[in-house]
Amino acid sequence: MVLSALIFVLVLYAWLSMMLSGEGTLSEKGLGSLKYFTVDSNLLMGAAALNLVREDLAVLRGTKNKVSAAAVRLYYAGAVSVALTFLVTVLFLSRIFGLWVLYVGANFWMHLVVPVLGVCVFCIFVREYRLNMKDTLVSLIPLGIYAVYYVGMILKYGLEDPRTDWYYFCFTGIRTLPIVLIVIFLVILGTSLLMRKAVNRT
């Protein structure tokens with residue numbers, strides 16, 4: 001519960017810092033920051049963490065017997081989403097921008113600290129509900145929604161527009177995009193399955 005509360009505070013602090021300063025690579029001031037999956041995944045993780053704190057408090061007060069399955073599923077989706085943020089940063093974006101510049105300002109918390117905390121808290125401490133394949137597929141929904149938005153922006157404005165392809169997924173043209181999306185999907189599916197196995201290990 002304490003670590004979940006910390007995650008919520010860190011997400012709130014990082015997002016407010018980014019909105020006010022826009023400091024760092026792949027950052028933007030104001031609500032324009034919401035175009036980044038980094039921000040969206042962290043906000044989802046923060047909301048899931050806050051919800052879990054609320055449910056844990058209810059258990060401590062005796063008004064609930066245990067944390068609800070819905071709260072665990074939401075936390076699962078948040079942890080999977082920030083895990084993707086971490087992996088894309090390390091495995092792909094670092095090749096374009098360099099690794100350390102991606103940890104400047106608010107992105108230090110969003111690209112590194114919150115993902116590591118979120119995944120560790122979920123895999124180590126969550127035991128109230130055994131996850132199944134349906135839960136794994138549900139955890140991929142945030143990525144699916146974001147993919148529709150990202151592709152939609154490219155199709156609407158084109159690759160030449162600076163408002164599109166901020167993650168450089170179309171690094172050799174539009175034909176690269178489907179390959180990148182498939183690879184990302186397979187990576188996040190594998191990550192989600194590993195996290196489910198960690199939670200269901202006992």
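Residues are numbered from 1 along each chain as its sequence is written, and side-chain values use heavy atoms, with hydrogens and water left out. Because the model is predicted, local features need pLDDT of at least 70 and side-chain atom pairs count only at pLDDT 80 or more, while totals for chains, interfaces and linings use all residues.

**Exercise 1. Describe the largest cavity and its lining.**

Step 1. On a 1 Å grid over the protein atoms alone, a cavity is a set of points where a 1.4 Å probe fits but cannot get out; a pocket is an open set with protein on both sides within 12 Å along at least five of seven lines; lining residues have an atom within 4 Å of a point. Grid points are joined across faces, edges and corners, and a volume is the space filled by probe spheres set on the points.

Step 2. Count and size. There is one cavity of 30 Å³ or more, and the volume of the largest cavity is about 200 Å³.

Step 3. List the lining. It comprises 17 residues, and those nearest the centre are Phe37, Val88, Tyr146, Tyr167 and Phe169.

Step 4. Assign the lining to elements, with helices (H or I, at least four residues) and strands (E, at least two) taken as DSSP runs numbered from the N terminus. At least two lining residues come from each of α2 (37-61), α3 (69-97), α6 (141-157) and α7 (176-199).

Step 5. Classify the residues. Ala, Val, Leu, Ile, Met, Phe, Trp, Tyr, Cys and Pro count as nonpolar, Asp, Glu, Lys and Arg as charged, and the others, Gly among them, as polar. The cavity lining then has 13 nonpolar, four polar and no charged residues.

**Exercise 2. Describe the largest pocket in the same terms.**

Step 1. The largest pocket holds about 200 Å³ of space.

Step 2. Its lining is made of Leu84, Leu87, Val88, Leu91, Phe92, Phe169, Val180, Val183, Ile184 and Val187. The elements giving two or more residues to this lining are α3 and α7, and α3 gives the largest share, five residues.

Step 3. By class, the pocket lining has 10 nonpolar, no polar and no charged residues.

**Exercise 3. Which parts does the pair of phenylalanine 92 and phenylalanine 169 tie together?**

Step 1. Rings of Phe, Tyr and Trp (its six-membered ring) pair if their centres lie within 6.5 Å; planes under 30 degrees apart count as stacked, over 60 as edge-to-face and the rest as tilted. The structure holds 18 aromatic pairs.

Step 2. The ring centres of phenylalanine 92 and phenylalanine 169 are 5.5 Å apart and the planes stand at 50°, so this pair is tilted.

Step 3. Phenylalanine 92 belongs to helix α3 and phenylalanine 169 to the loop between α6 and α7, so the pair ties together parts 77 residues apart in sequence.

Step 4. Buried means under 20% relative accessible area, exposed over 50%, and partly exposed in between (1.4 Å probe, protein chains only). Phenylalanine 92, at 22%, is partly exposed, whereas phenylalanine 169, at 7%, is buried.

**Exercise 4. Locate leucine 26 and tyrosine 168 and give the phi of each.**

Step 1. Leucine 26, a residue other than glycine, has a positive phi near 55°. Leucine 26 lies in the loop between α1 (2-21) and α2 and is buried at 12% relative accessibility.

Step 2. Tyrosine 168, also not a glycine, has a positive phi of about 60°. Tyrosine 168 is in the loop between α6 and α7 and is partly exposed at 42%.
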